[in-house]
Amino acid sequence: MKPITIQIIETGVVLFCYLLTYFATKTIINNALKNTQLQRGRRKIMIKTINLLLSLTAIILLSAIWGLKQNEIAIFATSILTAFGIAFFAQWSLLSNITSGIILFFNHPLKIGDYIEVLDKDYPFSGEISDLTYFFIHLKTENDKIITIPNSLILQKSISVTEKVKG
């Protein structure tokens with residue numbers, strides 16, 4: 001067989017394995033976590049994170065199949081890891097919002113449906129958390145407006161978390 005044919009077959013195998021793992025992971029995580037106390041929003045974030053890692057693995061495998069050398073892959077991987085390392089210390093970057101999102105997910109009592117007040121003396125605001133994403137928290141105000149707050153801001157400001165009063 002020609003080398004290009006082998007590369008195409010290997011690419012097909014990697015893509016098939018990726019899709020199979022993608023759907024299997026989603027099903028396994030949902031079934032395993034339905035009986036736990038984790039909310040649906042947190043399960044979604046876990047699935048997104050695992051799928052991001054699966055995607056990166058598939059990209060690395062495909063780049064190796066199509067001829068990238070190991071040192072080029074290593075340079076790319078170290079560049080990505082360096083960017084994530086900087087994200088732990090940078091306060092105004094998108095990467096800091098991703099890092100803050102991970103910290104909020106694992107170590108903060110915020111959950112979808114909670115009512116929070118950001119205790120800022122210059123611009124206080126409050127609302128119900130309607131979504132938690134990698135970069136932002138979406139708040140729905142009492143007059144049905146959506147406010148997006150960067151995750152890093154939630155870690156920097158004092159907030160009051162209460163469950164919304166129904167009625």
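This is a predicted model: local features need pLDDT of at least 70, side-chain atom pairs count only at pLDDT 80 or more; totals for chains, interfaces and linings use all residues.
The mean pLDDT of the protein is 80, and 87% of its residues reach 70 or more.

Two salt bridges were counted. In one of them, the side chains of Asp 120 and Lys 157 meet with an N to O distance of 3.5 Å. This pair links distant parts of the chain, its residues being 37 apart. Asp 120 lies in the loop between strand E1 (114-118) and strand E2 (125-132), and Lys 157 in the loop between helix H5 (151-156) and strand E5 (159-163). Lys 157 has a relative accessibility of 30% and therefore counts as partly exposed.

A salt bridge also joins Lys 140 and Asp 144, with the closest N and O atoms 3.8 Å apart. Lys 140 is partly exposed, at a relative accessible area of 36%. Asp 144, at 57%, is exposed, because the cut-off for that class is over 50%.

The second largest pocket has a volume of about 160 Å³. Helix H2 (40-65) and helix H3 (70-87) are the elements that each give two or more residues to its lining. The lining comprises 10 residues, and those nearest the centre of the pocket are Leu 56, Ile 60, Phe 76, Ala 77 and Ile 80. By class, nine of the lining residues are nonpolar and one is polar, with no charged residue present.

Conventions:
Residues are numbered from 1 along each chain as its sequence is written. Side-chain values use heavy atoms; hydrogens and water are left out. On a 1 Å grid over the protein atoms alone, a cavity is a set of points where a 1.4 Å probe fits but cannot get out, and a pocket is an open set with protein on both sides within 12 Å along at least five of seven lines; lining residues have an atom within 4 Å of a point. Grid points are joined across faces, edges and corners, and a volume is the space filled by probe spheres set on the points. Helices (H or I, at least four residues) and strands (E, at least two) are DSSP runs, numbered from the N terminus. Ala, Val, Leu, Ile, Met, Phe, Trp, Tyr, Cys and Pro count as nonpolar, Asp, Glu, Lys and Arg as charged, and the others, Gly among them, as polar. pLDDT is the predictor's confidence in each residue, from 0 to 100. A salt bridge is a side-chain nitrogen of Lys or Arg within 4 Å of a carboxyl oxygen of Asp or Glu. Buried means under 20% relative accessible area, exposed over 50%, partly exposed in between (1.4 Å probe, protein chains only).
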